[in-house]
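Work through the exercises below with the sequence and the 3D model open. Each task is followed by a solution in steps.

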Amino acid sequence: MFLRRINLFIRSLIFTLIMVAFTPIWTCVCLITMPLPYNKFYHIATRWNAFITWLAKVVCGIRYQIKGMENLPDAPAVLLCKHQSAWETIFLPTITPRPLVYVLKKELLRLPFFGWSLAMLGFIGIDRKLGMRAFRQVILEGRKRLNNGQWIAMFPEGTRTAVGEQGEYKGGGTRLASSTKSVIVPVALNSGKCWPRNSFIKTPGTITVSIGPAIHPDKQSHDALMAEVENWIETEMRIISPEAYNTQQLLTQ
């Protein structure tokens, strides 16, 4: 057990060092290629995402499998995803048929190199303390991005949740979809088992990414739409990670 922990630490350290060294280099590439048309620039910029996903597989043994790839529509969409680690924020832009723009804390856009790259890609930074003003910004900026052919990605629980846990679902994403008449793509995943939140150590394993059928906001109340999204994601989580939820249930009994 001790030797295994040492091995995991060394592999995680190698992964982190390479990622930290590679990120400033790729930010410079992004700065040079920024004048290109957005779709070409986005493709070049997200080669960082593809490389880091590959690096996690080769160095840390973190593999993945995808269910429901056919459910990704080539149309304006709001992607609402379970959030367990940083892995999905890196991975998702590599598989969507259109450029993916995240809604995130504005502080992240100020991070040297990494944050600058996010800003260049047009990610939407918000101040959560502003409440409804922040939500109006999401609607305004989100509509612009969707009209430009991009997708919006949001984490309805607002933050990372531990494996086997469920956070409170918030309605910003469903309200954006309703106001822009965009379909919702729900995504369930169990990345936390390999790349836990707030943990330096990465563990080998296979992450399952499950993409649900598009949900159309037409003729649904906001509450019904929110309930449908939450129900699909949480039901699917118990399918792809039954052991995590069974263990959590036993601990709470």
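**Exercise 1. The cavity**

Task: Find how many cavities of 30 Å³ or more the whole structure holds, and state which residues line the largest cavity.

Solution. Step 1: Search the whole structure, which is a predicted model; the search gives 1 cavity of 30 Å³ or more.
Step 1: Take the volume, which is about 30 Å³ for the largest cavity.
Step 2: List the lining of the largest cavity: Leu72, Leu79, Leu92, Ile95, Thr96, Val187, Val209 and Ile211.
Step 3: Sort these lining residues by class, which gives 7 nonpolar, 1 polar and no charged.

**Exercise 2. Helices α1 and α3**

Task: Determine how the axes of α1 and α3 are oriented to each other, and which residues of the two helices meet.

Solution. Step 1: Locate helix α1 at residues 2–33 and helix α3 at residues 47–60.
Step 1: Compare the axes, which come within 10 Å and cross at roughly 165°.
Step 2: Apply the cut-off: angles over 145 degrees count as roughly antiparallel, and α1 and α3 are therefore roughly antiparallel to each other.
Step 3: Read off the contact. From α1 come Arg11, Ser12, Ile14, Phe15, Ile18, Met19, Phe22, Thr23 and Trp26; they meet Arg47, Trp48, Phe51, Ile52, Leu55, Ala56, Val59 and Cys60 of α3.
Step 4: Sort the residues of the contact between α1 and α3 into 13 nonpolar, 2 polar and 2 charged.

**Exercise 3. Helices α1 and α2**

Step 1: On the α1 side the contact uses Trp26, Val29, Cys30 and Thr33, and on the α2 side Phe41, Ile44 and Ala45.
Step 2: By class, the contact of α1 with α2 has 6 nonpolar, 1 polar and no charged residues.

**Exercise 4. Helices α7 and α8**

Task: Classify the crossing of α7 (residues 172–180) and α8 (residues 222–240).

Solution. Step 1: The two axes come within 10 Å and cross at roughly 125°.
Step 1: That angle makes α7 oblique to α8.
Step 2: The crossing of α7 and α8 is right-handed.
Step 3: Thr174, Arg175 and Ser178 of α7 make the contact with His222, Leu225, Met226 and Val229 of α8.
Step 4: The contact of α7 with α8 divides into 3 nonpolar, 3 polar and 1 charged residues.

**Exercise 5. Thr203**

Task: Place Thr203 in the chain and list what Thr203 touches beyond four places away in sequence.

Solution. Step 1: Thr203 sits in the loop between β6 (183–189) and β7 (205–211).
Step 1: Thr203 and Arg5 are 198 residues apart along the chain, yet their C-alpha atoms are separated by 9.7 Å.
Step 2: Leaving out residues up to four places away in sequence, Thr203 touches Arg4, Leu8, Cys60, Ile62, Lys193 and Cys194.

Terms used:
Residues numbered from 1 in each chain as written. Predicted model: local features only at pLDDT ≥ 70, side-chain atom pairs only at ≥ 80, totals over all residues. Heavy atoms only, no water. Axes fitted to C-alpha atoms, helices over the stretch in contact; angles between N-to-C directions. Helix = DSSP H or I, 4+ residues; strand = E, 2+ residues; numbered from the N terminus. Parallel < 35°, antiparallel > 145°, perpendicular 65-115°, else oblique. Contact = heavy atoms within 4.5 Å. Nonpolar A, V, L, I, M, F, W, Y, C, P; charged D, E, K, R; others polar. 1 Å grid on protein atoms, 1.4 Å probe; cavity = no way out; pocket = protein on both sides within 12 Å on 5 of 7 lines; lining within 4 Å. Points joined across faces, edges and corners; volume = space filled by probe spheres on them. Left-handed = near helix turned anticlockwise from the far one by under 90°.
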